[in-house]
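I opened my notebook and wanted to see who sits next to whom in this protein. Here is what I looked up, entry by entry.

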Amino acid sequence: MARPGRSFLRRLPSNPLEPDLMSDIKYVIGFGNPHRHFVDFKSEFPTFGRDEIELSMSLWRPGRYESANYPAKIKCISFHSDGKKLDSCKTSERSWKVNCKAHKQVEIHYTFYADHFDAGGCWLDEEQLYLNPVNCFFFDVENQDLGYHIKLDLPSDYEIACQLNHGHINELHADDFNALAEAPFICSKSLTHQTFEAAGVNFHIWIQGKFEFDLETFVGDHKLFADRQIADFGFFPSESYHFLYQIPHTPAYHGVEHSESTVIALGPASKSGEEKFYTDLIGIASHELYHTWNVKQLRPRTMVPYDYRAPQFSSLGFIYEGVTTYLGDKYLWKTGVYSDTVYAKELEIKVLRHLHNPGRSSLSLADSSVDTWVDGYVQGTPWRKVSIYNEGALVSMIIDAKIHELSGGAKGIEDWMKALMEAKPLASGGYDQEDLEKTLYATCGWRSKEFFEQYVYGIQDMIPLVCEALLQLGWELQLEDNPKIHERLYGCKLDKSNIVVAVYPESPSDLAGVWIGDQVESVDEESLVYVKKSSGLRADIHLPNGGENWYSIPKVSRI
């Protein structure tokens, strides 16, 4: 079942100066005083006889379609050759031009501040060195196909978790910068390591941190969803795959996909024995594995090939994130990892996020996809946009139901994604909106152009279609009254300190002038008393008889 492939990180030959590595970019990485989070990098770039060389860091990283500011983490940097300092100048916020006339190589010495702990960041402390190379490595702008020879100066009892199971061998090689960008690694003496096989593919599970869930069940559940995903696509893109888990003491919730691995961070570890923690953890895992096909082997034309120096704009985030979000959960339900109750809860969460986000009336799903490059993945301006994950998942469910209906229950969205993969693999240059419609028609005979215009490129209310889709798939949706008075009657959300964090448009709160940051002092069914953040003035809202259910609560049940 495994498609022949190569590992992006491989063992070095016994002689590290063999001819095929002579032109590699060489890196040595080490650290002292790990509590400071500073990682020391020394690198050597061949000049190939050039008078000057332009060296750059990435603008963005895989799985995060927004601009990053990685150079802000560099404490100091200098350029040398043959023991002499070279003249250099910055040409952009992330690029340097170095005068290297008459020199065979340029050496870079820099210190990187590894203090960003999530699935896409870098972290150093007394327990581990964890790097996403796309954050902290340089590349030669004119020669991004050069290989990387990396030596890690680590404590003798450290093990390395990465796309190659190499034990204590502290030298790695990446075929080019793109391969390096796809190869995060964890170095630690306290890694837990398990393996399993699915459809002839070797899978590795690495866990950094303490955990309380049952490891045997955890491995078994991975095998269940991996087997099913591979069976539906009919192949796996590589011969092995690595799940890299970070279980920190602090709160965390994040996952990032790579070609042959994923990093998943979930915390705090003190809750790792709870059912919700396990549900979230295995949910991220299924989601990230599906990305091995959907975005790593199949992605929009505007994102092929990856260019780490420029934004990769696409209006099709509902495919590479929305479909993945929907099917990540569905696979867990279909394989019995999620019970009906757990899966219904996941569906409820998606509907609730849709209903509670007025941004769905302002910006389309397609434009929100492009705008990840504008204001990232945070809420930003109130009522402005939607999530490509959540709204994309609901659109995917509607498509799944339509395929199910038109095929008499014989097919689902999984079949459409396989057809799209076969028609537009990465080697073909990627897909566009027309390809989506063509393959959808070939799958089930649905002429879907109007649907996409209204619900992906437009802002048509999709709740009626969500209800129909759930019924088609064997579920029922009901909207219930919100038990929180301030949400149901007044249309505002509060944090634990009773500070307003959201206001629904045209609600009593909005019409009375309540806004984000105001302090609510008291609330009941007759009035809400609050203090304005901007002026400190105290005011109240008196409700007329009755009132709308501004933030209704969805309930999904199996029919």
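This is a predicted model: local features need pLDDT of at least 70, side-chain atom pairs count only at pLDDT 80 or more; totals for chains, interfaces and linings use all residues.

**Entry 1**

I started with arginine 94, which is buried at a relative accessible area of 10%. Buried means under 20% relative accessible area, exposed means over 50%, and partly exposed is in between (1.4 Å probe, protein chains only). Residues are numbered from 1 along each chain as its sequence is written, and side-chain values use heavy atoms, with hydrogens and water left out.

Which residue does the side chain of arginine 94 meet in a salt bridge? I found glutamate 93, at 2.3 Å from N to O. A salt bridge here is a side-chain nitrogen of Lys or Arg within 4 Å of a carboxyl oxygen of Asp or Glu. Glutamate 93 is partly exposed, at 42%.

**Entry 1: serine 92**

I then looked at serine 92, in the loop between β6 (88-90) and β7 (95-99). Helices (H or I, at least four residues) and strands (E, at least two) are DSSP runs, numbered from the N terminus. Serine 92 is partly exposed, with a relative accessible area of 27%. Its side chain reaches the backbone nitrogen of serine 95 at 3.1 Å. I also checked serine 92 against aspartate 227: they are 135 residues apart in sequence and 46 Å apart in space, C-alpha to C-alpha.

How many salt bridges does a search of the whole structure find? I got 26. One of them joins glutamate 54 to arginine 309, with the closest N and O atoms 3.3 Å apart. Glutamate 54 lies in strand β3 and arginine 309 in the loop between α4 and α5, so the pair ties together parts that are 255 residues apart in sequence. Glutamate 54 counts as partly exposed at 21% relative accessibility, and arginine 309 counts as partly exposed at 29%.

I also noted glutamate 487 with lysine 493, which meet at 3.6 Å, N to O. Glutamate 487 counts as buried, at 7% relative accessibility.

**Entry 2: rings**

I counted 52 aromatic pairs in the structure. Rings of Phe, Tyr and Trp (its six-membered ring) pair if their centres lie within 6.5 Å; planes under 30 degrees apart count as stacked, over 60 as edge-to-face and the rest as tilted. Tryptophan 60 and tyrosine 308 have ring centres 4.9 Å apart and planes at 35 degrees, so this pair is tilted. The two residues are 248 residues apart in the chain. Tryptophan 60 is buried at 0%, and tyrosine 308 is buried at 2%.

**Entry 3: helix α5**

Is helix α5 mostly enclosed or open? I found 17 of its 18 residues buried, so α5 is largely enclosed by the rest of the structure. Just after α5, glycine 336 takes a positive phi of about 85 degrees.

Key. A polar contact is a pair of N or O atoms within 3.5 Å; within protein, one must be able to donate a hydrogen and the other to accept it, and residues adjacent in sequence count only if both atoms are side-chain atoms.
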